[in-house]
Amino acid sequence: MVWWNMPTPRQRNTTFATLIEENPTSVVWHTDKERDQILGMMSAVNKAKVEAAKRAGRRMVGCVYKRTRLDERGVKVQRAEVRFDDVAGCLRTPAGGSSRQVIIVVDGKKVRSRLISARETARLMGLDEDYKLPKNYNEAYHLTGDGVAVQVVRHLAEHIFVPLLSLGEMARAAA
């Protein structure tokens, strides 16, 4: 048995808000009607988060996920849940019933929403800016969703996989 004592990964130097494109090419900003539909799917708790973001005095970027929840009568309804903690939630592909991630940007009283862009998903997964993404949005989203971030793989490789493979090579050489 081997006990791996890995160093703590480097602290991140970006936030979710820093990865967001103002003018994405793979998606468009929602219309007011589409945005209002998402806001209308929010519970009182999530609507309060949006209102707090409006009062924050700075640009706030949040992730919105659609979930099935029980309402006050015990009936299943689709809800939009938002988080403004500068951490992207799980980047899921839309297979198997998962919905694509929506972002919401609050600048004072102005609230905008849209799907997360293909480039933003690539950034979240640690791909370089020049990484060539498929032109089709769904193909790009499937490429990046449900994966393991590059930085995570790199850290595990450096501190577990490479040392483990080196031990195997040393054992073979000694035999």
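**Salt bridges, a hairpin and a helix**

Modeller: A network of salt bridges links E22, R59 and R112. Please bear in mind that the model is predicted.

Colleague: How far apart are the closest N and O atoms of R59 and E22?

Modeller: In the salt bridge between R59 and E22, the closest N and O atoms are 3.6 Å apart. R59 lies in the loop between α2 (44–55) and β1 (60–70), and E22 in the segment before α1 (32–40), so this pair ties together parts that are 37 residues apart in sequence.

Colleague: And what does E22 do with R112?

Modeller: E22 forms a salt bridge with R112 as well, where the closest N and O atoms are 2.8 Å apart. Because R112 is in strand β4 and E22 is in the segment before α1, the pair ties together parts that are 90 residues apart in sequence.

Colleague: Is R112 buried or exposed?

Modeller: R112 counts as buried, because its relative accessibility of 16% falls under the 20% cut-off. E22 counts as partly exposed at 36%, and R59 is partly exposed too, with a relative accessible area of 32%.

Colleague: How many salt bridges does the structure hold?

Modeller: The structure holds 12 salt bridges. One of them joins R73 and E72, with the closest N and O atoms 3.7 Å apart. R73 counts as exposed at 63% relative accessibility, and E72 counts as exposed at 68%.

Colleague: Which strand pairs with β4, and in what sense?

Modeller: Strand β3 (residues 102–107) pairs with β4 in the antiparallel sense, over 6 bridges. Within this pairing, I103 stands opposite R114 in β4.

Colleague: What is found between the strands of that hairpin?

Modeller: There are 2 residues between β3 and β4, and G108 takes a positive phi near 65° in this hairpin.

Colleague: A change of topic: what span should helix α5 have?

Modeller: Helix α5 has 25 residues (residues 150–174) and, at 1.5 Å a residue, should span 36 Å. Its end C-alpha atoms are 34 Å apart, which agrees.

Colleague: Where does α5 bend?

Modeller: The bend in α5 is at A157 and amounts to about 50°.

Methods. Residues numbered from 1 in each chain as written. Predicted model: local features only at pLDDT ≥ 70, side-chain atom pairs only at ≥ 80, totals over all residues. Heavy atoms only, no water. Helix = DSSP H or I, 4+ residues; strand = E, 2+ residues; numbered from the N terminus. Expected span 1.5 Å × (residues − 1). Bend = angle between axes of the 7 residues up to and from the residue. Pairing = 2+ DSSP bridges. Salt bridge = Lys/Arg side-chain N within 4 Å of Asp/Glu carboxyl O. Buried < 20%, exposed > 50% of the residue type's maximum accessible area, 1.4 Å probe, protein only.
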